[in-house]
Amino acid sequence: MNRATVYYHFATREALLEAVSAWSSQQLTRGFKGEGNQQDRIDFVARFVLENPDLIKLWIEQFIAPGNIRDRYPKWDDFIAANKDMLRDTAGLDVEVYCTFLLAGAIIGPHVFRNSVRPDLPEDEIVVRFRAEQQRMLKRDGLFSSS
C-alpha cells in the first residue's frame with residue numbers, strides 16, 4: 001500500500017497509529033474478557049502476540065508510556081474490577097499490580113520467549129506452553145475456569 005492510500009483513510013500519522021492501537025487493544029480485550037472458554041482466550045492472546053510482532057511493539061510502547069493507562073486501554077477499570085471481585089478473599093493482594101503482571105506477561109511473554117528464549121520452537125508449541133503455565137498460575141490464584 002502506498003502512502004497516498006493510507007492518508008486517504010487517515011489524515012495524519014498519529015490518526016493511523018491511534019486506529020491501529022485501538023484495533024489491537026480491542027483484540028487483546030477480546031482475548032482477556034471475550035467470548036469462549038479460558039483456554040481459547042489464552043491461546044488467542046498468545047497467537048495474536050506471536051503473529052503481530054510490530055503491533056505488539058507499538059502496544060508495548062504505549063503500555064509503558066507515561067500517562068493514564070485508561071486512555072490507551074479503555075477496559076482497564078473493568079479488568080481491575082473483575083479481578084478484584086474474583087480475588088476478594090486474597091489477603092494483602094494489590095489487584096492493580098497483579099493485573100499489571102497479568103497483562104504484561106500475556107503481551108510481552110510470548111514475544112520475548114519466541115525471540116530470545118526459544119526461537120527454535122514452532123508457534124503452536126509456544127502457545128501450548130504459555131497456556132499451560134498461565135492456567136497453572138490462574139489455578140494457584142483461584143482464577144482458573146474450565147469453561
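Modeller: Happy to! This is a predicted model, in which local features need pLDDT of at least 70 and side-chain atom pairs count only at pLDDT 80 or more, while totals for chains, interfaces and linings use all residues. Residues are numbered from 1 along each chain as its sequence is written, and side-chain values use heavy atoms, with hydrogens and water left out.

The C-alpha trace spans about 55 × 35 × 25 Å along its principal axes. Of the 147 residues, 36% are buried, meaning under 20% relative accessible area with a 1.4 Å probe and protein chains only.

Now to your helices. H3 covers residues 38-51, and H4 covers residues 53-64. Their axes lie 5 Å apart, and the packing angle is about 100° (axes are lines fitted to C-alpha atoms over the stretch in contact, with angles from 0 to 180 degrees between N-to-C directions). So H3 is roughly perpendicular to H4, a label for angles of 65 to 115 degrees.

On the H3 side, the residues that take part are Phe 48, Val 49, Leu 50 and Glu 51. Facing them from H4 are Pro 53, Leu 55 and Ile 56. By class, this contact consists of six nonpolar residues, no polar ones and one charged residue. Phe, Val, Leu, Pro and Ile belong to the nonpolar class, along with Ala, Met, Trp, Tyr and Cys, whereas Asp, Glu, Lys and Arg count as charged and the others, Gly among them, as polar. The charged member of the contact is therefore Glu 51.

Val 49 sits in helix H3 and has a relative accessible area of 0%, so it is buried. Leaving out residues up to four places away in sequence, Val 49 touches Ile 56, Ala 106, Ile 107, Pro 110 and His 111. Ile 56 is also one of the H4 residues in the contact with H3. Ile 108 lies 59 residues from Val 49 along the chain, yet the C-alpha atoms of the two are separated by 7.8 Å.

Arg 131 is placed in helix H8, which runs over residues 123-140. What counts as its exposure class, buried or exposed? Arg 131 has 15% relative accessibility, so it counts as buried. With residues up to four places away in sequence set aside, the partners that Arg 131 touches are Gln 39, Ile 42 and Asp 43.

Conventions. Helix = DSSP H or I, 4+ residues; strand = E, 2+ residues; numbered from the N terminus. Buried < 20%, exposed > 50% of the residue type's maximum accessible area, 1.4 Å probe, protein only. Contact = heavy atoms within 4.5 Å. Parallel < 35°, antiparallel > 145°, perpendicular 65-115°, else oblique.
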